[in-house]
Every structure is written in C-alpha cells, then in structure tokens.
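Thank you all for coming; I would like to take a few minutes to walk through one structure with you. Please have a look at it before I go on.

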Amino acid sequence: QDHIQSFMKMLAGLAETAAFLDLGMTCMLFGADDYRPALIGWAILLCCVTRPLQIYFFSFILNRLPIHANIDAKTQHMLSFAGLRGVVAFACATLWPEADEGRKVFITTTSCVVLFTVFLQGGMTATVLRWLEIPMGVSEDDIDETKPLKPYTRSV
C-alpha cells in the first residue's frame with residue numbers, strides 16, 4: 001500500500017508539472033493581441049469576490065446542520081483566501097473548442113487568473129495564516145478528530 005501511495009503521489013506531481021509547463025508555454029506562445037487586460041482584471045476581481053461569498057454561504061449552511069463539523073470564522077477566512085487554485089481551471093480552458101475564435105482569449109485570461117492565484121495568493125498564504133493566528137506545521141497526530149474543525153483543518 002505504501003508503494004502504491006508513493007507511486008500515486010509521484011504520478012500526481014508529474015501531472016501537475018506537465019500542466020504548469022503547458023501553462024507557461026501557453027503564456028509565452030500566445031501573442032499580445034490574445035490578452036485582454038480589462039477581461040483579465042474583471043475575471044480576477046470576480047474570482048476574488050465570489051469565492052468568499054461561496055465559502056461563507058456554504059459554511060453558514062454546514063454550520064447549521066446537525067453534524068459535528070463546524071467551520072470557524074478564521075478557517076472560513078483562510079479558505080476564502082487560499083482555497084483551491086488553478087491548474088484544473090487551465091486544463092478545462094484548454095478543452096475549449098478549437099474552432100471558436102475566442103479560444104485564445106479564454107485560455108490567456110484563465111492563465112492570468114491562475115498565475116495571480118498561484119503566485120500572489122499562494123505566496124501570501126503563510127502570511128495570512130500567521131495574521132489569522134492559525135497554526136502551521138500541525139502534525140496529523142495532533143488533530144483531534146472528535147472536535148469541530150477549529151481553528152485548523154487538514155486542508156490548511
């Protein structure tokens with residue numbers, strides 16, 4: 001089982017590397033006329049606004065359910081800031097039909113949003129964790145599964 005798990009981690013790492021290489025090549029090979037700064041700005045703004053709305057809305061609903069998994073405010077803030085990012089969205093964008101004239105604009109916009117979230121938000125994750133006073137480097141053994149998800153979860 002350990003060998004299979006190690007192999008799957010290696011395979012996931014290779015797939016992620018290939019996707020980021022594809023992202024980088026796309027950014028370099030597409031021309032300047034395929035980039036629409038206003039569209040890119042709006043896309044980033046809408047992602048930054050809608051992600052927290054979704055996190056807070058679904059956390060509100062989850063916290064009202066009669067289950068033993070409450071997500072505290074600090075964790076909600078961190079999830080809304082860091083969350084999942086990028087390469088999957090880019091991979092989906094590359095599946096856009098070749099015949100569509102807007103394909104390159106769609107892919108470049110997605111690429112810019114991915115780069116923004118990976119480098120800017122990803123680079124600031126440790127700072128935000130410290131600011132929210134969420135412990136980092138917590139061992140899986142230190143997590144009490146019987147308590148609500150406060151102030152950290154496995155994903156943070």
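When I speak of contact today, I mean heavy atoms within 4.5 Å. Please also keep in mind that this is a predicted model.

With that in mind, let me begin with Thr108, which has its place in helix α5. Is Thr108 buried or exposed? Its relative accessible area is 0%, and since buried means under 20%, Thr108 is therefore buried. If we leave aside the neighbours within four places in sequence, the residues in contact with Thr108 are Phe30, Asp34 and Tyr35.

Staying with α5, let me turn to how this helix packs against another one. Helix α1, residues 2–29, and α5 pack at an angle of about 120 degrees, and their axes are 10 Å apart; the two helices are therefore oblique to each other, and their crossing is left-handed. On the α1 side the contact is made by Phe20, Leu23, Thr26 and Cys27, while α5 contributes Ile107, Ser111, Val114, Leu115 and Val118.

Which residues of α2 are buried? They are Ile40, Ala43, Ile44, Pro52, Ile55, Ser59 and Asn63, and what covers them includes α3, residues 73–81, as well as α5, residues 103–123.

Methods. Residues are numbered from 1 along each chain as its sequence is written. This is a predicted model: local features need pLDDT of at least 70, side-chain atom pairs count only at pLDDT 80 or more; totals for chains, interfaces and linings use all residues. Side-chain values use heavy atoms; hydrogens and water are left out. Buried means under 20% relative accessible area, exposed over 50%, partly exposed in between (1.4 Å probe, protein chains only). Helices (H or I, at least four residues) and strands (E, at least two) are DSSP runs, numbered from the N terminus. Axes are lines fitted to C-alpha atoms, for helices over the stretch in contact, and angles run from 0 to 180 degrees between N-to-C directions. Angles under 35 degrees count as roughly parallel, over 145 as roughly antiparallel, 65 to 115 as roughly perpendicular and the rest as oblique. A crossing is left-handed if the near helix is turned anticlockwise from the far one by less than a right angle, and right-handed if clockwise.
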